[in-house]
Amino acid sequence: MATYETRIAAAAAAQDPKQLRQEFSRVLHQQAGADGRRRHRLAFREVLYFKLKGSLEAEGLQLSPDDRRALYAVLTVKHHAEGGWARKGRRLKRAGEVPVTLDLTKIVRSTQQALRIARRGASLLDQNDAVCSGEPVFKGTRVPLAQLVEQFRAGVAFADIAEDYPQLDDKALRYAQLSARMGQAPGRPAKPLTVRRTAIEAAD
């Protein structure tokens with residue numbers, strides 16, 4: 001079963017990695033799986049829980065700790081019902097004074113897509129000491145990944161970035177957008193990227 005490191009899971013679920021870890025230990029009372037270096041790794045259904053929780057809260061549905069633990073159990077255990085929550089296939093129901101019924105298809109697909117982009121993104125890049133001082137660039141271009149990441153973090157709209165970099169396809173742009181939410185990978189911090197070329201020059 002595929003698992004994902006915390007920063008990738010958090011980016012796919014549009015959550016803060018630190019809050020994600022705190023939710024595991026303080027609310028869910030779960031220990032996330034770990035690799036040989038003791039870095040937490042999440043299975044797909046766990047990533048889906050955080051994506052759904054964030055979406056429900058964005059819609060104004062604040063979940064109590066008991067509600068969140070029940071929702072986590074219902075999403076991660078097959079054929080399970082708990083605390084008023086019940087799931088059958090991709091249909092999720094919550095009983096109570098205000099019953100809620102949700103079709104999970106859209107959120108499942110969007111989470112799958114984000115994780116697929118994260119898995120395959122590295123294949124879109126080249127790294128050569130003779131090009132942009134060895135910074136990872138998108139294949140067939142001189143456009144550094146870090147350059148797009150900084151623009152997404154600065155709040156530049158997706159459509160504007162796509163217009164500025166016509167040589168990049170949607171997959172490349174989506175990977176840069178996701179990378180902007182990932183934060184720094186474990187290990188030695190990367191040197192700041194100094195951009196000496198404009199987007200138009202980089203396209204030449």
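A residue is taken as buried when its relative accessible area is under 20%. By this criterion, 39% of the 204 residues of the protein are buried in the predicted model. Nine helices and nine strands make up the secondary structure. Of the contacts between residues at least 6 apart in sequence, 51% link residues at least 24 apart.

In soluble globular proteins, nonpolar side chains tend to be buried together. The largest nonpolar core of the protein contains 49 residues, and Leu71, Phe138 and Leu148 have the most contacts inside it. At least two core residues come from each of helix 1 (6-12), helix 2 (17-27), helix 3 (44-58), helix 4 (65-76), helix 5 (105-120), helix 6 (145-153) and helix 8 (170-182). Helix 8 contributes the most, with seven residues. Beyond its neighbours within four places in sequence, Leu71 is in contact with Tyr49, Leu52, Leu56, Leu63, Trp85 and Leu92.

Leu92 belongs to strand 6 (residues 91-94), where Leu92 and Arg94 point to one face and are buried. Strand 6 runs antiparallel to strand 5 (residues 85-88), to which four bridges join it, and Ala86 stands opposite Lys93. These two strands form a hairpin with two residues between them, and Gly89 in the turn has a positive phi of about 65°. Strand 6 also pairs with strand 7 (residues 100-103) in the antiparallel sense, again over four bridges. Here Leu92 has Leu102 as its bridge partner. Five residues lie between strand 6 and strand 7 in their hairpin, in which Gly96 takes a positive phi near 145°.

Seven salt bridges were counted. In helix 3, Glu57 and Lys53 lie four residues apart, about one turn of the helix, and form a salt bridge with their closest N and O atoms 3.4 Å apart. Lys53 is buried at a relative accessible area of 8%, whereas Glu57 is partly exposed at 25%. Arg69 and Asp66, three residues apart in helix 4, meet in a salt bridge with an N to O distance of 2.5 Å. Arg69 is partly exposed, with 26% relative accessibility, and Asp66 is exposed, with a relative accessible area of 55%. In helix 6, Arg153 and Glu150 are separated by about one helical turn because they are three residues apart; their side chains form a salt bridge at 3.7 Å, N to O.

Terms used
Residues are numbered from 1 along each chain as its sequence is written. This is a predicted model: local features need pLDDT of at least 70, side-chain atom pairs count only at pLDDT 80 or more; totals for chains, interfaces and linings use all residues. Side-chain values use heavy atoms; hydrogens and water are left out. A nonpolar core is a set of buried Ala, Val, Leu, Ile, Met, Phe, Trp, Tyr and Cys residues joined through side-chain atoms within 4.5 Å. Buried means under 20% relative accessible area, exposed over 50%, partly exposed in between (1.4 Å probe, protein chains only). Contact means heavy atoms within 4.5 Å. Two strands pair if DSSP finds at least two bridges between them. A salt bridge is a side-chain nitrogen of Lys or Arg within 4 Å of a carboxyl oxygen of Asp or Glu.
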